[in-house]
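Open the model in your viewer and switch to a cartoon view.

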Amino acid sequence: MKQIFVQALGFAPIELAGIVPGFKGNPTLLFKTKAPFNIDEKFKGKSNFSFIRRIETEDGRINQTYDCSIRGVRVEGSTAHQRYTWVKVEGAEYQVEPETIRKWLLNYGTLMTELTEDKLDFDVSSDEEELYEGAELRTGIYSIQMEIKSPIPQFLPVDGKRIKIYHKGIKKWCTNCFKATHLRAACKSQRVEWLEYVDRFMVNNDLDNSYYGKWLERVDDWRLKNAGKHEQHIQDQQIALAERERRSEENRNIAKRIIDEQNQKETAAANRSEERDESKQPTDDVGGVRGDENESEETERRAEGVGERGNESEKGGGNEKSVAKAIEEMTFEEFKEIKRGRGRPTKDEKNKKKNSQPK
């Protein structure tokens, strides 16, 4: 605590809530703090660090250098690596082959590293080292780095084994009812047996029987005794699929409506541009303008006038941006209608006024 938590990481001793030592290929320490904090801000530039430990021996003081790294800190300049997550698989000891674990995990993302099992060294005396040479203490805990593309359930019925999954950001499940909406301490549901959960998992997931191993026979026996629960799982899945299809249809309709509206706006904009081009007339010999040459400019000036008057009439709660947006979305025909309603001069009136001006 003194060397790492306080001196290397810069915490105060009073901030420490507990320490959990472990081994995941290398010695690890999990520090628990009393208050939450932003790990990226707190450890910016410290994702990898070293510290020196001074040890007093009979021959005097010696220094040992420790190279450390903090898991989970986003490192600037290595965005590609941030997509990958370390996944820990617990409970796969004995007969579960690493290839079976890989087969299961491939349903939820891309495997970026080899699957490795955490192993422990024997704590033996020097006299026993030769006796235990080459022996390994296997833990049944595997680690692998993945690019997770769909959520991994925390509990997996892998080939006859009850497997538990951990990774940063995983939604922890209630161990009483096997749902991700709450934890066991807050669970108000009836206890769900493991075989009932396996049956529900098999109904909800489209995996072939080779994934489940010995669970197949045990679940078949459970279904004979609990036919009603099995049928309920099937009905729940059908309802979920129907709801999923309904939402997908809604999303497709929303996307179609947005595309149609965008196409209409583009068509209207193109029409307005054509109307403005057609309204322009050639100039006369003395530099005057005949007809409706300035109709486009007149339209813009009158549009500004509409916006100004609209704001004045809506001071009690109007919104200048909404008025401007409404004007922007108007078609050319709507502009002409507004102008006629607000006393827009006719072409003859404009020509008469123009000709009355001194040359």
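Predicted model: local features only at pLDDT ≥ 70, side-chain atom pairs only at ≥ 80, totals over all residues.

**Stop 1: the largest core**

Select Leu156, Ile165 and Tyr197. These residues have the most contacts inside the largest nonpolar core, which has 38 residues. Now colour the elements that give two or more residues to this core: strand S5 (85-90), helix H4 (98-105), strand S8 (137-148), S9, S10, H5 and H6. Which element gives the most? H5 does, with six residues.

Zoom in on Leu156. Leaving aside neighbours within four places in sequence, Leu156 is in contact with Trp104, Tyr108, Lys161, Arg162, Ile163, Ile165, Trp194 and Phe201.

**Stop 2: helix H6**

Select residues 215-225, helix H6. Show the side chains of Trp215, Val219 and Trp222, which are buried. They sit on the same side of H6, because they cover an arc of only 55° around the axis. An α-helix has 3.6 residues a turn, so residues three or four places apart point the same way. Turn to the other side of H6: Glu217 and Leu224 are exposed there.

What covers the buried residues of H6? The cover includes strand S9 (155-158), strand S10 (161-167), H5 and H7.

**Stop 3: H5 against H7**

Select helix H5 (residues 194-204) together with helix H7 (residues 227-279). Their axes come within 9 Å and cross at roughly 35°. The crossing is right-handed.

Show side chains at the contact. From H5, take Glu196, Asp199, Arg200, Val203 and Asn204. In H7, they meet Lys229, His230, His233, Ile234 and Gln237. By type, the residues of this contact divide into two nonpolar, four polar and four charged.

**Stop 4**

Most residues other than glycine have a negative phi. Two residues here are worth a look.

Select Asp159, in the loop between S9 and S10. Its phi is near 45°, a positive value in a residue other than glycine. Asp159 is partly exposed, with a relative accessible area of 31%.

Then move to Phe178, in the loop between S10 and H5. Phe178 is not a glycine either, and its phi is positive, about 60°. Is Phe178 buried or exposed? Phe178 counts as buried, at 3% relative accessibility.

Notes. Residues numbered from 1 in each chain as written. Heavy atoms only, no water. Axes fitted to C-alpha atoms, helices over the stretch in contact; angles between N-to-C directions. Helix = DSSP H or I, 4+ residues; strand = E, 2+ residues; numbered from the N terminus. Left-handed = near helix turned anticlockwise from the far one by under 90°. Contact = heavy atoms within 4.5 Å. Nonpolar A, V, L, I, M, F, W, Y, C, P; charged D, E, K, R; others polar. Buried < 20%, exposed > 50% of the residue type's maximum accessible area, 1.4 Å probe, protein only. Arc of directions from axis to C-beta. Core = buried A, V, L, I, M, F, W, Y, C linked by side-chain atoms within 4.5 Å.
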